[in-house]
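My notes follow the order in which I looked.

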Amino acid sequence: SENDVKEELTNVFSRFSNRIVVTCFSSNIARMKNIIHAAKKNNRKVALVGRSMKKTIAAAIENDIIDKDISFISEDEASLIPRENLVVICTGSQGEKRSALFRIAYNSHNNIYLEKNDLVIFSSKDIPGNEKSINNLKNLLIRQRVEIVTADDDLVHVSGHGYAEEIKQMYNWTKPYI
């Protein structure tokens with residue numbers, strides 16, 4: 001469950017002492033809440049990087065899905081925080097060329113950069129067809145001596161999609177005409 005991911009992210013964060021970057025789908029508010037929880041439990045500040053990530057979080061706060069009291073640091077502030085106290089949540093889990101993670105990995109981001117032994121967590125599954133761009137991005141990170149954690153390594157992702165029985169239950173509740 002997503003609660004299992006929350007616990008595992010907290011554990012993974014505790015095992016690493018350098019900068020942590022987590023990439024996930026910007027629409028996955030539950031995952032972002034869990035990343036924020038894990039960062040707080042490990043005394044780390046959180047920076048959001050990527051337009052869609054920031055828009056989703058703003059909408060979640062506006063609709064009381066995420067606590068209004070949670071504070072994020074800006075990208076500018078993130079460049080000044082000691083790397084052992086920082087978690088960056090960013091877009092780019094599918095290797096998109098204009099995403100925040102892509103720019104960070106290629107050292108073309110204005111404020112966020114990676115160093116040897118930093119950690120990038122891919123908190124998502126590969127969408128079929130994106131494997132090549134994702135693997136190219138991972139290979140670049142590995143060449144830079146950045147650690148990578150995926151769902152194959154630790155429980156950092158679960159599906160956000162309903163299972164067949166859950167979908168049947170939803171149909172029973174809503175009784176759609178079509």
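**Entry 1: ground rules.** I am working with a predicted model, in which local features need pLDDT of at least 70 and side-chain atom pairs count only at pLDDT 80 or more, while totals for chains, interfaces and linings use all residues. Residues are numbered from 1 along each chain as its sequence is written, and side-chain values use heavy atoms, with hydrogens and water left out.

**Entry 2: salt bridges.** I took a salt bridge to be a side-chain nitrogen of Lys or Arg within 4 Å of a carboxyl oxygen of Asp or Glu, and I find 7 of them in the structure. One of these joins Arg 19 to Glu 115, with the closest N and O atoms 3.3 Å apart. Arg 19 sits in the loop between α1 (2–15) and β1 (20–23) and Glu 115 in the loop between α5 (100–105) and β4 (119–122), so this pair ties together parts that are 96 residues apart in sequence. The helices (H or I, at least four residues) and strands (E, at least two) I name are DSSP runs, numbered from the N terminus.

For accessibility I used relative accessible area, where buried means under 20%, exposed over 50% and partly exposed in between (1.4 Å probe, protein chains only). Arg 19 is buried at 5%, whereas Glu 115 is partly exposed at 29%.

I next looked up Lys 54, which forms a salt bridge with Glu 75, the closest N and O atoms being 2.7 Å apart. Lys 54 belongs to helix α3 (residues 51–62) and Glu 75 to helix α4 (residues 75–78), so the pair ties together parts that are 21 residues apart in sequence. Lys 54 is partly exposed at 38%, and Glu 75 counts as buried at 18%.

Glu 165 is exposed at 55%, and Lys 168 is partly exposed at 46%. I also recorded that salt bridges with shared partners join Arg 19, Arg 83, Glu 115 and Asp 118 into one network.

**Entry 3: a positive patch.** Which residues gather in a patch of positive charge on the surface? I find Arg 51, Lys 55, Arg 98 and Arg 103 there; patch members have over 30% relative accessible area and no salt bridge, with like charges joined within 9 Å. Of these, I followed up Arg 103, which lies in helix α5 and counts as partly exposed at 30% relative accessibility.

**Entry 4: cysteines.** How many disulfides does the structure hold? I find 0, a disulfide being a pair of cysteine sulfur atoms within 2.5 Å. The sulfur of Cys 24 has its closest cysteine sulfur in Cys 90, at 8.2 Å, and that is too far for a bond. Cys 24 is buried at 2%, and Cys 90 is buried at 0%.

**Entry 5: Val 22.** Val 22 and Ser 123 are 101 residues apart in sequence, yet their C-alpha atoms are 6.7 Å apart in space.

Definitions and conventions. Patches are made of residues with over 30% relative accessible area and no salt bridge: like charges are joined within 9 Å, nonpolar side chains (Val, Leu, Ile, Met, Phe, Trp, Tyr) within 5 Å. Accessible areas come from the Shrake-Rupley method with a 1.4 Å probe; for residues, only the protein chains shown count as cover. Lys and Arg count as positive and Asp and Glu as negative; His and the chain ends are not counted. The place of a charge is taken as NZ of Lys, CZ of Arg, CG of Asp or CD of Glu.
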